[in-house]
Amino acid sequence: VYLISHGSKHAWFRLRWLYDIHLFLEQPLDLVEIQTLLAKRGCLHMMGQALLLRKELFEAPIPESFVHLTKDRKSKRMAKMALRIIEEQNDPGKANQTLFEYWYWKRYFWLIRDSSRRFEFVWHHLLPNQQDKAMIPLPQALHVLYIPLRPLTWSLRRWKGRTSS
């Protein structure tokens, strides 16, 4: 379950993770128990994605008790996006991403999250961080200004990252 959620979060850019899932599914398993654990953690769509990618990349059959997960629209969309990322070998932590790559990743991350985590995601991106404070040092009394400055500091960091190479 952990590997499914972790691999999905990173769009399986390390194929080794997906291969481990492939090997894992070749073993005799309690598929009902696995499905229960995935459902508890809200990862059924991620399992659907992993199964679709496994079928596409390793030409492996989908276990009968998991076929319904691969019919989910979200799982199909996630698999299609991840396949593109895998083919382009894009890493979400890559320093010199193009703006298109950056927004593609953001769209992918938005898709894999449920609604409560989407709020966390947006909130996290709106709040200033240590990089903002390092870029524009302000006295403690003016730290509230980092909130409206956040788009500027974010843009400057992206621009500096692209021009430094």
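**Close-up views of a predicted model**

**View 1. The largest nonpolar core of the predicted model.** This core has 30 residues, and the members that touch the most others are I4, W12, M47, L53, F66 and Y108. Two or more residues each are given to this core by α2, α3 (31-40), α4, α6 (73-88) and α7 (99-112). Helix α6 supplies the largest share, seven residues. In soluble globular proteins, nonpolar side chains tend to be buried together.

**View 2. Surroundings of W12.** W12 is one of the core residues that touch the most other members. Leaving aside residues up to four places away in sequence, W12 is in contact with L3, I4 and G7, with W17, L18 and I21, with Q49, A50 and L53, and with A82 and I86. Two of these partners, I4 and L53, are likewise listed among the core residues that touch the most other members.

**View 3. The buried face of helix α2.** The buried residues in α2 are W17, L18, I21, H22 and L25. Viewed down the helix axis, the buried residues of α2 fall within an arc of 145°, so they line one face of the helix. Among the elements that cover these buried residues are α1 (2-9) and α4. W17, L18 and I21 are also contacts of W12.

**View 4. The aromatic pair F13 and W17.** Two aromatic pairs are found in a search of the whole structure. In the pair of F13 and W17, the ring centres are 5.8 Å apart and the planes lie at 80°, so the pair is edge-to-face. F13 has a relative accessibility of 23% and counts as partly exposed, whereas W17 is buried, at 15%.

**View 5. The aromatic pair Y19 and F58.** The rings of Y19 and F58 are also arranged edge-to-face, with 5.6 Å from centre to centre and 65° between the planes. This pair links distant parts of the chain, since Y19 belongs to helix α2 (residues 15-25) and F58 to helix α4 (residues 44-58), 39 residues apart. Y19 counts as partly exposed, with 32% relative accessibility. F58 is partly exposed as well, with a relative accessible area of 27%.

**View 6. V144 in the loop between α9 and α10.** V144 is placed in the loop that lies between α9 (130-135) and α10 (146-163). The relative accessibility of V144 is 57%, and V144 counts as exposed. Along the chain, V144 and P128 are 16 residues apart, and their C-alpha atoms are separated by 9.3 Å.

Technical notes
Residues are numbered from 1 along each chain as its sequence is written. This is a predicted model: local features need pLDDT of at least 70, side-chain atom pairs count only at pLDDT 80 or more; totals for chains, interfaces and linings use all residues. Side-chain values use heavy atoms; hydrogens and water are left out. Rings of Phe, Tyr and Trp (its six-membered ring) pair if their centres lie within 6.5 Å; planes under 30 degrees apart count as stacked, over 60 as edge-to-face and the rest as tilted. Buried means under 20% relative accessible area, exposed over 50%, partly exposed in between (1.4 Å probe, protein chains only). Helices (H or I, at least four residues) and strands (E, at least two) are DSSP runs, numbered from the N terminus. A nonpolar core is a set of buried Ala, Val, Leu, Ile, Met, Phe, Trp, Tyr and Cys residues joined through side-chain atoms within 4.5 Å. Contact means heavy atoms within 4.5 Å. The arc is that of the directions from the helix axis to the C-beta atoms.
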